[in-house]
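Let us take a walk through this structure together. Keep the sequence and the 3D view side by side as you read.

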Amino acid sequence: MAILSFIENIDLLTLLVLVSLGLATYVAQFYFSYFTRKNPLPGPVPWPIIGVWEDDVAMANKFQEKYGDIWEVWKWSERHVWIGRADLATKLLNPSYSNNNFPSRTTKNEGLDLMDMTSKGVVFNLDWDSWNFNRKCVNRVLNSPKFLRQSIVCTQNLFTEMEKYWLSLGLDKEIDLAKWMSRFMMDSTLIMMTNKNFYALANYYDTFSNSSCSNHLSKDSERFVAGIRTHFMACVFFKDTPKYQRRFFPNLRRRSKELLEEVAWLNREVLKIIRERKQEIDRTQLEDELSSDMLTMLLNLNTSRDLNRESAAKPIIEDDIRAIIYDIIGGGSDTTSNSFCYVVYYLSHYHEVRKVMLKELETVLGNDPITYEKLQKLHYCDAMIKEVLRIMPTVSVVFRVNSKPDEIDGHHFESSTIFMISLPGIHMHNAHWDNPQKFDPQRFMDKNIEGNILIPFGGGTRICPGKQLSMLQIKALLALLYSKYEVELVDMNAPIKYCSTTVNHCTELMIKIRLRSEI
Ligand code: HEM
């Protein structure tokens, strides 16, 4: 009662004094805890509640220069430990399954739980045994020569389709390669995954052309592709937006609801595709060959059709397949399309490198069709792509979380510490590279690179399972584009345009192409 009557009789000035006192106490307590925290590392001093406001991926190089190769950044109330030198990342990139203290890339996350991502699939799966089983299945399919061969055929077919659109728009037109490649890789990944075309390229072409080439195609495909993009946005939103903000800020509450509805719709659509394919497989005779798309291959693993079946292993369940579909589309489409754009950008600026690459394409491929075996012989292309991904890594940070307390470089870390490995930090470190700023593919020719000094695909147990596939796809695209066309940037003086986040998105790459035969 006394408190109530005090509140009723309070005047504005007293209220302001009390609020200010409350805030001052909170801030004093916050900084007291911060400056007396256990096992401190150097790093920018955080603001109360929000932590460090700057985008830490964009700031990583600046922070590394200022604070050294291991530093900490606070986001909201979460501590992120950043690492920018390969030897400090050794434990984090441990290749062992059985003895690994850094098994996952996120802490327990209520937002990702809501999306049903933390116990399914691979990318956000926190259940180590479930991840291990799913990961073995993904590795078996993605690295099988049958699947890789099919992926090259798919790349060739889609390139022919894209070329047809470019020719119809006219070769005098400027092409925004970033936008075309984003649609190209979306189509390519969905076809390789499901053996179904969702016409992202055709729909993009329609935005330029009066003669709608896809008006006979189902609008459902457009909705599906949009749904996939929304799913990725939802992952980022639910992973990074704390629960209380999603509950109490009306706009965030509305956004959560919309995203969850869209994700539920997409889940139903994807499950429909999985079930239809399962029925098709059941209707096919055992001796008849099935298609080499990832969905069919995943559904067949550890069944009576699987010749390499491990005796005790069970088939993979449909909810895990659904999550893997998202993981593969999310992990495989934008990464490869952006990487290809960065390769084209560097080739346009380094004419000597382009000349050596063209020579290699001519010698190894000649006028023959592109094959899996021949693409593996493109050693200079391989070195050149590695050098582009060293200087311009498409993924700029790799995450890890420790399951037990651990020590790195004499610093103690409690369990569930979030570690961020800075790829630009390692790729440009003077301790690992001679003249790191120099673009020089030769540094990878006939040389083994040891330690984790080149990690565009991450490392250890959770290394990217699509590494082989994406290198083959980029080489196939280089062969298809450069053997027929001369490629030029529209503005040679413009710096590369990209938006720096965990994945560096190429926002625009304007090129002009001319037929080599007409030069
Ligand atoms: C140039 C293209 C690509 C780049 C630069 C790239 C890069 C990466 C990186 C840095 C990681 C994190 C690895 C780690 O934590 O150590 C990763 C994970 C992953 N990538 Fe890729 N990737 C590419 C292409 C692909 C493709 C084509 C696919 C699939 C078709 C794919 C599927 C995945 C998956 C599923 C994971 C999660 C693996 C796990 O958690 O076990 N990626 N990728």
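Where does L454 lie? L454 sits in the loop between α17 (423-427) and α18; helices (H or I, at least four residues) and strands (E, at least two) are DSSP runs, numbered from the N terminus. Residues are numbered from 1 along each chain as its sequence is written. What you see is a predicted model, in which local features need pLDDT of at least 70 and side-chain atom pairs count only at pLDDT 80 or more, while totals for chains, interfaces and linings use all residues.

Is L454 buried or exposed? L454 is buried, because 22 other C-beta atoms lie within 10 Å. The scale behind that word is simple: a residue is buried if 20 or more other C-beta atoms lie within 10 Å of its own, exposed if 12 or fewer, and partly exposed in between, with C-beta atoms placed from the backbone. Not counting residues up to four places away in sequence, L454 touches K386, R390, H427 and I449; two residues are in contact if their C-beta atoms, placed from the backbone, lie within 7 Å. R305, by comparison, is 149 residues from L454 in sequence and 39 Å away in space, C-alpha to C-alpha.

Let us follow one of those contacts. K386 belongs to helix α16 (residues 379-391). K386 counts as partly exposed because it has 17 C-beta neighbours inside 10 Å. Leaving out residues up to four places away in sequence, K386 touches F444 as well as L454.

Helix α14 (residues 351-365) and α16 pack at an angle of about 145 degrees, with their axes 8 Å apart. Here axes are lines fitted to C-alpha atoms, for helices over the stretch in contact, and angles run from 0 to 180 degrees between N-to-C directions. From α14 come V353, V356, M357 and E360, and from α16 come Y380, C381 and M384. By class, the residues of this contact are six nonpolar, no polar and one charged; Ala, Val, Leu, Ile, Met, Phe, Trp, Tyr, Cys and Pro count as nonpolar, Asp, Glu, Lys and Arg as charged, and the others, Gly among them, as polar.

Now turn to the strands. An open sheet of four strands runs in the order β1-β2-β7-β4, with mixed pairing; two strands pair if DSSP finds at least two bridges between them. Why is one side of β1 (70-75) and of β4 (397-401) left without a neighbour in the sheet? These strands stand at the edges, each with a single partner strand, so one side of each has no neighbour there. On average, neighbouring strands of this sheet are turned by 30 degrees against each other, direction ignored. Helix α3 packs on the sheet, touching β1, β2 (78-83), β4 and β7, and its direction makes about 140 degrees with that of β1.

The pairs themselves are worth a look. β1 and β2 are antiparallel over six bridges, and V73 has H80 as its bridge partner in β2. Their hairpin has two residues between the strands, and W76 takes a positive phi near 50 degrees in it. β4 pairs with strand β7 (residues 418-422) in the antiparallel sense over five bridges, with V401 opposite I418 in β7.

What about the interior? The largest nonpolar core has 94 residues, and those with the most contacts inside it are L177, L298, C341, V343 and V344. Such a core is a set of buried Ala, Val, Leu, Ile, Met, Phe, Trp, Tyr and Cys residues joined through C-beta atoms within 7 Å. Helix α13 (residues 318-349) gives the most to this core, with 15 residues. Apart from it lies another core, of 26 residues, including A86, L88, L93 and V397.

Of the 27 residues around the ligand, G331, G332, G458, C464 and G466 come nearest; a residue is near a molecule or strand if its C-beta atom, placed from the backbone, lies within 6 Å of it. The shell has twelve nonpolar, eleven polar and four charged residues.
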